[in-house]
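The following account leads the reader through a protein model, from its overall make-up to selected local features.

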Amino acid sequence: MKQGAQGSAGTGRVAREVDQAVAEARVPPQTRASGASRSPVEASSGARGEHTHSEVPIPRPVVQRASVRGQILDALRTALVAGELRPGEVYSAPALGERFGVSATPVREAMQQLALEGAVEVVPNRGFRVVERGARELAELAEVRALIEVPVVLRLARSVPVERWAELRPVAEATVRAASSGCPATYAEADRTFHRAVLLLSGNEQLVQISEDLHRRSQWPLVGGSAARGRADLIADAVEHTALLDALIARDLDVVRGLVGGHFAGGA
């Protein structure tokens, strides 16, 4: 009974995360405004409960340091996928901070995270160098992703109710719209969202995290940008998402197997 209760809770959590992915595909993220911080005098008066009729309540800032670091990390990842941060080049935290209008500290912290992910490497007293990657590494990543995701998707094709697959339709269609923009960074985000939504149905959080890390690595630029994909390639890749969803809804395992295997081979 205990195991059954845990399984039920896990299923509910997965359903919520998939629902969130569907909602994000339908509604673009909103930009939050932050308020001004309180002066030391106002903070002291507020702590004592003192106020005057002329005082106007000042909201606390919405964006805290952790969220600033997260925003910078997202911006750096976008710049990386878009090719704005070029392989082999060294970038300093102060220079990037000036570019984003923030101090060097959140940039440095975000770059440290990218270093942990393998996107950049630390250059002492200079900054961070974008890692140089070749076509062989991209092919190896595609092979590993296929080894992980293909059997999982085939298993899910046999067990997940048709209704759950139908709920992912907005997520798949969002990848087509993103591909039509021709922006690699925009498509990269939509592509990861779709693959994540599919794998979430497995209920295996470790699988989702590992697959997402591999997926992100596969989207980093190559040396010289020789493998950069154009708008037509992005659209062709995105259309495979909707075709896969159609096959999953129809429970056509042969088509599912061919589409999933070909999807990774094409990405390489």
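Of the 268 residues in this predicted model, 35% are buried, a term that denotes under 20% relative accessible area with a 1.4 Å probe, protein chains only. The accessible surface amounts to about 15,200 Å², and carbon and sulfur atoms contribute 54% of it; these areas come from the Shrake-Rupley method with a 1.4 Å probe. Among contacts (heavy atoms within 4.5 Å) with a separation of 6 or more, 73% join residues 24 or more positions apart.

Residues are numbered from 1 along each chain as its sequence is written. Local features need pLDDT of at least 70 and side-chain atom pairs 80 or more, whereas totals for chains, interfaces and linings use all residues, and side-chain values use heavy atoms, without hydrogens and water.

The secondary structure consists of 12 helices and 3 strands, taken as DSSP runs numbered from the N terminus (helices: H or I, at least four residues; strands: E, at least two). Strands β2 (residues 120-123) and β3 (residues 127-130) pair in the antiparallel sense through 4 bridges; pairing requires at least two DSSP bridges. V122 has F128 of β3 as its bridge partner. The hairpin has 3 residues between the strands, and N125 adopts a positive phi near 65 degrees there.

N204 caps the N-terminal end of α10, with a side-chain oxygen 3.1 Å from the backbone nitrogen of Q206. Buried residues of α10 include L207, V208, S211, L214 and H215.

Key:
Buried < 20%, exposed > 50% of the residue type's maximum accessible area, 1.4 Å probe, protein only. Polar contact = N/O pair within 3.5 Å; in protein donor to acceptor, adjacent residues only side chain to side chain.
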